[in-house]
Amino acid sequence: MDGLDFGDGASASGDHAAAGGGGASFSAKHASISIIPHFTGLLSVLGSLFIVLDILHPRNRSKKLCKVYSRLLLGMSLSDLCSSVAMALSTWPIPRGTNVYAASGTQGTCTAQGFFVQMGTAAPLYNGFLAL
């Protein structure tokens, strides 16, 4: 086999220098794992943004923010929004030259992405409180 063997039947083959991999080679599987989160993350951002805007809309704001349910839903949507933006960036914030498909960021962008992804852990907590 030419290139890297990932042990799952996929091997890295083909030139990938144009996608920011620093000359590393990647399979179509690795490319799709990097590209698909851009779309799914965008859908999640749009869904969370719709909920936030619905709760904060001037015609509903005073009525909805008085309810604990709406405030919990707002918190959950805001934490999910932050996490979804970070997930939508996929591998872009990862430092260039780390042998990851389409990595084009710096250590700072990678750290920032990690922070915002971790903010998403609050969403299941809010969801649990909503279930009570």
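1. Lys64 is partly exposed, at 22% relative accessible area. (Buried means under 20%, exposed over 50%, partly exposed in between, with a 1.4 Å probe and protein chains only.) Asp54 also falls in the partly exposed class, at 26%.

2. Please keep the basis in mind: this is a predicted model, where local features need pLDDT of at least 70, side-chain atom pairs count only at pLDDT 80 or more, and totals for chains, interfaces and linings use all residues. Residues are numbered from 1 along each chain as its sequence is written, and side-chain values use heavy atoms, with hydrogens and water left out.

3. How many salt bridges does a search of the whole structure find? The count is 1. (A salt bridge is a side-chain nitrogen of Lys or Arg within 4 Å of a carboxyl oxygen of Asp or Glu.) Lys64 pairs with Asp54, and the closest N and O atoms are 2.8 Å apart. Lys64 sits in helix H2 (residues 61-64) and Asp54 in helix H1 (residues 28-56), so the pair ties together parts 10 residues apart in sequence. (Helices are DSSP runs of H or I, at least four residues, and strands are runs of E, at least two; both are numbered from the N terminus.)

4. Asn60 belongs to the loop between H1 and H2. Asn60 is buried, at 7% relative accessibility. Leaving aside neighbours within four places in sequence, Asn60 contacts Asp54 and Ile55. (Contact means heavy atoms within 4.5 Å.)

5. Ser32 is in helix H1. Ser32 is partly exposed, with a relative accessible area of 30%. Ser32 and Tyr101 are 69 residues apart in sequence, yet 9.5 Å apart in space, C-alpha to C-alpha.

6. Next, the H3 and H4 pair. The axes of H3 (residues 68-88) and H4 (residues 107-119) come within 7 Å and cross at roughly 140°. H3 is therefore oblique to H4. (Axes are lines fitted to C-alpha atoms, for helices over the stretch in contact, and angles run from 0 to 180 degrees between N-to-C directions. Under 35 degrees is roughly parallel, over 145 roughly antiparallel, 65 to 115 roughly perpendicular, and the rest oblique.)

7. Which residues meet where H3 packs on H4? From H3 come Ser79, Cys82, Ser83, Ala86 and Met87; from H4 come Gln113, Phe116, Val117 and Met119. The residues of this contact divide into 6 nonpolar, 3 polar and no charged. (Ala, Val, Leu, Ile, Met, Phe, Trp, Tyr, Cys and Pro count as nonpolar, Asp, Glu, Lys and Arg as charged, and the others, Gly among them, as polar.)
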